[in-house]
Amino acid sequence: MNDEEYYNFVRPYADAMQMLLTRLDVLNHNLYGKSDSRPIHYIQNRIKKKKSLEEKLIRRGKEPTVDNAKDYLQDIAGVRIICYFVDDIYNLAKSLKRQADLIVIREQDYIKAPKPNGYRSYHLIVGVPVYCMDGMEYFPVEVQLRTLSMDFWPSMEHRISYKKERADKEELTTELLGYANQLQEIEKSFESHNEIGKLKEPEKPEKELAEPENTDSPIIS
């Protein structure tokens, strides 16, 4: 694909990402009902660059075309949310999934089930509606939710070992897994002092509407 095709292609993905960022900003202000008790520490976002997009398609055995990018890639738009506590992650994810006009395309919980190397994070891919003059279409946005310690570990792991050939690769992997476990224990210690972050379930109506009485009268059409 040429540059013009790329920029025209990613524009609605950027729109979808921006709309999701606005929703997250609203949730950050209102999730716990207190201005000084926000769940989000900071947010990063990006649109996959043309070279990266093409390289990923080629690794998957696909021609680097616009059509293949649309059909086979769901991480063209990406948002990384850094929270304070694990409860904040689950509360934000739950709130996003409750929004009726968002579609949950994929959900992976690497907090309850970390990867073997120690990686922890909560991943969602959500379809965000983008409206234009001739209709509406859903565009996927990849969402990664992490605590501060969850984000620290992969950042350091990436810097130390990503795409590098090392003679001590196996030993380093074991060492990094140990660090991940230590960070998790430190995180739990901080969480023990967390006094917010418990969301109430939406209240249900006290009683259902009564069924209309059967009067045996004919239906008027």
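**Exercise 1. Strands β4 and β5**

Strands β4 and β5 pair in the antiparallel sense over 11 bridges. Find the residue that stands opposite Y122 in β5, and state how many residues lie between the two strands of the hairpin.

*Solution.* Keep in mind that this is a predicted model.
Step 1. Start at Y122. Its opposite residue in β5 is L145.
Step 2. Look at the link. β4 and β5 form a hairpin, and 2 residues lie between them.

**Exercise 2. The whole sheet**

Give the order of the 5 strands in the open sheet, and name the edge strands.

*Solution.* 
Step 1. Read across the sheet. The order is β1-β2-β5-β4-β3, and the pairing is mixed.
Step 2. Go to the edges. β1 (40–47) and β3 (103–109) each pair on one side only.
Step 3. From one strand to the next, it averages 25°.
Step 4. Check a parallel pair. β2 (residues 77–83) and β5 (residues 135–147) pair in the parallel sense over 6 bridges. V79 has V143 as its bridge partner in β5.
Step 5. Check an antiparallel pair. β3 and β4 pair in the antiparallel sense, over 6 bridges. Here Q108 stands opposite H123 in β4.

**Exercise 3. Covering the sheet**

Which strands does α1 lie across, and which does α4 lie across? How many of the residues of β4 are buried?

*Solution.* 
Step 1. Take α1. This helix lies across β1, β2, β4 (122–132) and β5. Its direction is about 170° to β1.
Step 2. Take α4. This helix lies across β1, β2, β3, β4 and β5. It runs at about 35° to β4.
Step 3. Count for β4. Of its 11 residues, 9 are buried, and the strand is mostly covered.

**Exercise 4. Two helices in contact**

Describe how α1 (residues 3–30) and α4 (residues 86–98) pack. Are they oblique or roughly perpendicular to each other?

*Solution.* 
Step 1. Recall the method. Two packed helices are described by the angle between their axes and the distance between the axes.
Step 2. The angle is about 125°, and the axes are 11 Å apart.
Step 3. Classify the angle. Roughly perpendicular covers 65 to 115 degrees, and roughly antiparallel needs over 145. α1 and α4 are therefore oblique to each other.
Step 4. The crossing of α1 past α4 is right-handed.
Step 5. Name the residues in contact. α1 supplies L20, L24 and L27, while α4 supplies L92, S95 and L96.
Step 6. Sort them by class. The contact has 5 nonpolar residues, 1 polar residue and no charged residues.

Definitions and conventions
Residues numbered from 1 in each chain as written. Predicted model: local features only at pLDDT ≥ 70, side-chain atom pairs only at ≥ 80, totals over all residues. Heavy atoms only, no water. Axes fitted to C-alpha atoms, helices over the stretch in contact; angles between N-to-C directions. Helix = DSSP H or I, 4+ residues; strand = E, 2+ residues; numbered from the N terminus. Parallel < 35°, antiparallel > 145°, perpendicular 65-115°, else oblique. Left-handed = near helix turned anticlockwise from the far one by under 90°. Contact = heavy atoms within 4.5 Å. Nonpolar A, V, L, I, M, F, W, Y, C, P; charged D, E, K, R; others polar. Pairing = 2+ DSSP bridges. Buried < 20%, exposed > 50% of the residue type's maximum accessible area, 1.4 Å probe, protein only.
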